Amino acid sequence: DALDSYTSVANAPKAAKSTYLTKSFAYSRGAGASVDEESTVVEIQGGPRKEGDISIISQIEGGQEILTVCYTETCESLAVGVSDGTVKLYKAGSGEHVTTLKDSEVTQNPGPATSIKHRPVHRSHPITQTLTATYATGCVKCWHYPTGQCLYTIREKRQTLGLAYHPYLSKFVTVGDDTNLNLYDEETKTQERILHASDASDVMNGHRSRVFCAVFNPKSAHEIISGGWDDTIQFWDIRQPYATRHITGVHICGDGIDTSKTGKEILTCAWQRYNPLQLWDYGSGKLIDTLEPDCYNSLLYCGKYMNNVFVVCGGTETALIRIVDLRTHLTIGALRNLAGGVYALDIGPVLTKKAKKSKITDTPPLPKIAFCSGKTIYEIDVG
């Protein structure tokens, strides 16, 4: 089974292992389509088509498939993870290559970089100039990007598919193909708890298939939600081993869950033809609204709140990224006809001139967005 743990090819040649992991991860992200197949199928002549008030700030062409993207803490650079595990940093705005993060372990045991995150910026947090990356090989590596030094490595016995930081404590959680959520203390580098389903087959209190993303509730010290292949959003309290409740009917294949800043609403971006973009009430788990597409549908991999009024989402089949106004449900800007599915995106800063201008309007200024599509990184601005 191509979706079994990468350990089944542990004795294969290095090049074969890298190819296996890349295609296995891409298969799981796309629920069946490999990276090569997707790039070939959806590539359209003429480049991306802009709709609405949207502009491309920079377009960086990479040599390999890009699976994850993240702004650094100060938003000065973009970190991107590629199919062989290399993490590259580019200067935001100009696209100039800054540095490459890769150690001997990544070189000798290549596998896709599946997620890159940094500790949330907070007034009580010092700027550490670090990024934490997960890999399909099971590694979790923290990088000091100015020096290119790997500060520590955690090795998990699974395909590690994503991570999320606590909004204000020095903790993070990783997710993967073994259905578990692993909670770590970043200061001590120790595993504090494994969140998992119980052995009771008649109770749905945890995931039953691979997990792709998790998000801490920004208004709680203990609560996490997660999503994956089993079509459920699970609610967790890190003081308990099993999930406390769940939502059904949401097929997550990437970083497709986010919470509002108030912690009261959940945004889900699902890899499914019907109802891919939805809003849920956090407290009750009830559906608030389904945001229907304007003119075209897309199987969604990822999405985030931009502020309390706008959300952004990206996906494939109709390979696109679009910004949606939650008040009207209309798309205010989009890029479609992209050369590959949008696997990941991140929210950047608000341009200074936009912030000043917005003081006389009712619409909050929108931040920049970075996303990856195939072998290309885009940075865009809306409004």
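**Cysteines, cores and strands**

Author: Start with a cysteine. The sulfur of Cys372 lies 7.3 Å from the closest cysteine sulfur, in Cys302, so the two are too far apart for a bond. A disulfide needs a pair of cysteine sulfur atoms within 2.5 Å.

Reader: What kind of model is this, and how are residues numbered?

Author: This is a predicted model, in which local features need pLDDT of at least 70 and side-chain atom pairs count only at pLDDT 80 or more, while totals for chains, interfaces and linings use all residues. Residues are numbered from 1 along each chain as its sequence is written, and side-chain values use heavy atoms, leaving out hydrogens and water.

Reader: Why is Cys269 called buried?

Author: Buried means under 20% relative accessible area, exposed means over 50%, and partly exposed is in between (1.4 Å probe, protein chains only). Cys269 has 0% relative accessibility, so Cys269 counts as buried. Cys372 is at 0% too, so Cys372 also counts as buried.

Reader: What makes His329 partly exposed?

Author: Its relative accessible area is 24%, so His329 falls in the partly exposed class. His329 sits in the loop between strand 25 (320-325) and strand 26 (331-336). Strands here are DSSP runs of E with at least two residues, helices are runs of H or I with at least four, and both are numbered from the N terminus. Phi of His329 is near 65 degrees, a positive value in a residue other than glycine.

Reader: Is Asn337 buried or exposed?

Author: Buried: Asn337 has 12% relative accessibility, and therefore counts as buried. Asn337 is in the loop between strand 26 and strand 27. Its phi is near 60 degrees, positive in a residue other than glycine.

Reader: What makes a set of residues a nonpolar core?

Author: The set must be buried Ala, Val, Leu, Ile, Met, Phe, Trp, Tyr and Cys residues joined through side-chain atoms within 4.5 Å. The largest such core has 56 residues, and Ile323, Phe371 and Ile380 have the most contacts inside it. Strand 27 (residues 342-347) gives the most to this core, with five residues. A second, separate core has 14 residues, including Cys70, Ala79, Tyr135 and Trp143.

Reader: What is Ile380 in contact with?

Author: Contact means heavy atoms within 4.5 Å. Leaving aside neighbours within four places in sequence, the partners of Ile380 include Ile54, Ile56, Ile321, Ile323, Leu335 and Phe371.

Reader: How do you know that strand 15 and strand 16 pair?

Author: Two strands pair if DSSP finds at least two bridges between them. Five bridges join strand 15 (residues 211-216) to strand 16, and the strands run antiparallel. One of the links is between Phe216 and its bridge partner Ile224 in strand 16. A hairpin of six residues joins the two strands.

Reader: What joins strand 16 to strand 17?

Author: Five bridges, again with the strands antiparallel. Gly227 has Ile233 in strand 17 as its bridge partner. This hairpin has three residues between the strands, and Asp231 takes a positive phi near 65 degrees there.

Reader: What makes strand 16 mostly covered?

Author: Five of its six residues (223-228) are buried. In the protein as a whole, 58% of the 383 residues count as buried.
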